[in-house]
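Please work through each task before reading its solution.

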Amino acid sequence: MTRVSGPVFRWGRRPSPFEVVDGVAIRPGAPAHVQIGAARDMLRAAPTGSLIVGALPFDLSSPGRLWIGRPRSMSLPNSRSLGHRTEPSRADDSEHRSAFTSSVRSVLRGISDGTLQKVVLARTDVITRPEDFDEAEVFARLSSDRSSLAFQVHGSESQGDFLGASPEVLVRVNGARLVSTPFAGSVPTGGVLRTRARNELIRSAKVGTEHGLVIEDIVGRLRGVAMSDVDVVGPELRSTERVWHLASAITTTVDRAYIDSLAAVELLHPTPAVCGVPRTAALRVISESEPFERGLFGGVVGWQSRDGDGEWRVSIRCGLVTGSSARLFAGAGIVRGSDADAEFDETTAKMRTMNDALAAAGKTGAPAPLMQTDETRTQEGDARWTT
């Protein structure tokens, strides 16, 4: 048993986030699917009101970060930085763009010959500042975004804390009711008005294909366990601070004797929103194309209560923060009709959620400039940053 003194998990948005303090880690280093079973067993013996909290990885055979603990309300600081944005000073993105667009074009060849329908390709970027990031400030900034839900999961000194603000619910289980709100199809907000964004996304054959593959996969998997019809409402336009999205709401009822929120995660994850179609082929391409391990990026983060209710969000708009360095992640869905440069620009826009929060979160007062580190310029995959 590993107990950590201090916050191990923070979750929510202003004005009512909660945190778990002095939590017990569940089988650190074990595969996530083993941790899930152990967490359920430990929760039964835990004090009343305890929760399973934490993050699960993109690959459930890899270790996750799950904890048992009791939640408490937290008060956020009236931060000097919450209303302030400092754009980072960045180096030339030409090498990053070249590496990523080359991978996109390779995937498009696989789609053209019929091997694939969709692959989500991700990239990373590492930024630093002269002083340490204040993770509490980062969370506070992220929690001010009403379009998303902020999270922070404790990690070791080498792993870093995992922080982000996800707009996408993989599963929310409340009694017998199960809801999933997948996002697929995006365009950066950058001056794009709602009407134009809606028209661009709704009318795009490329976006329609991308979104449809996600809905089809989730609905098909839920039909195997559903106790009622699986209803789909959408797609509709959703906006975060940096990106317009198409989202649909999928609802059904399940037998709670067999399906709790974590069982639903195991059933659905990873969806085509973070992986691809066919799943096995997409996983192979991701493994061959991405020069880093995704770790918690593209996984899920959330909580489950003793009765099996819970909410798990897709781990996007996120990063690993260690001292004065932060590694950011973002991905884009590649389907027939994708443009490699546009997909790179989309990942850049998605990273700005964390960029904005990090730029305002130094420990010593005034916001400091962020700098891109030389070691990540070529996307060659630095093992020191692998979770």
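A nonpolar core is a set of buried Ala, Val, Leu, Ile, Met, Phe, Trp, Tyr and Cys residues joined through side-chain atoms within 4.5 Å, where buried means under 20% relative accessible area, exposed over 50% and partly exposed in between (1.4 Å probe, protein chains only). This is a predicted model, in which local features need pLDDT of at least 70 and side-chain atom pairs count only at pLDDT 80 or more, while totals for chains, interfaces and linings use all residues. Residues are numbered from 1 along each chain as its sequence is written, and side-chain values use heavy atoms, with hydrogens and water left out.

**Exercise 1. Identify which residues touch the most other members of the largest nonpolar core.**

Step 1. The largest nonpolar core has 77 residues, and those touching the most other members are Phe-9, Leu-56, Leu-66, Val-107, Val-119 and Phe-162.

Step 2. Taking Val-119 as an example, and leaving aside residues up to four places away in sequence, its contacts (heavy atoms within 4.5 Å) include Val-107, Cys-275, Ala-282, Ile-286 and Ile-334.

Step 3. A second, separate core of 19 residues includes Ile-127, Val-138, Phe-139 and Leu-328.

**Exercise 2. Determine whether Cys-275 is buried or exposed, and how many disulfides the structure has.**

Step 1. Cys-275 counts as buried because its relative accessibility is 0%; Cys-318, at 1%, counts as buried too.

Step 2. A disulfide is a pair of cysteine sulfur atoms within 2.5 Å, and a search of the whole structure finds 0 of them.

**Exercise 3. Describe the largest cavity and its lining.**

Step 1. On a 1 Å grid over the protein atoms alone, a cavity is a set of points where a 1.4 Å probe fits but cannot get out, and lining residues have an atom within 4 Å of a point. Volume is the space filled by probe spheres set on the points.

Step 2. Of the 3 cavities of 30 Å³ or more, the largest has a volume of about 240 Å³. Its lining has 23 residues, and Ala-273, Ile-316, Arg-317, Gly-331 and Lys-350 are the closest to its centre.

Step 3. Strand S20 (325-335) is one of the elements giving two or more residues to this lining, and S20 has the largest share, with 5 residues; strands are DSSP runs of E, at least two residues, and helices runs of H or I, at least four.

**Exercise 4. State which helix gives the most to the lining of the second largest cavity.**

Step 1. The second largest cavity holds about 60 Å³ of space, and its lining residues include Arg-141, Asp-145, Glu-241 and Asp-356.

Step 2. Helix H3 (135-142) and H8 each supply at least two lining residues, and H8 gives the most, with 3.

Conventions: 1 Å grid on protein atoms, 1.4 Å probe; cavity = no way out; pocket = protein on both sides within 12 Å on 5 of 7 lines; lining within 4 Å.
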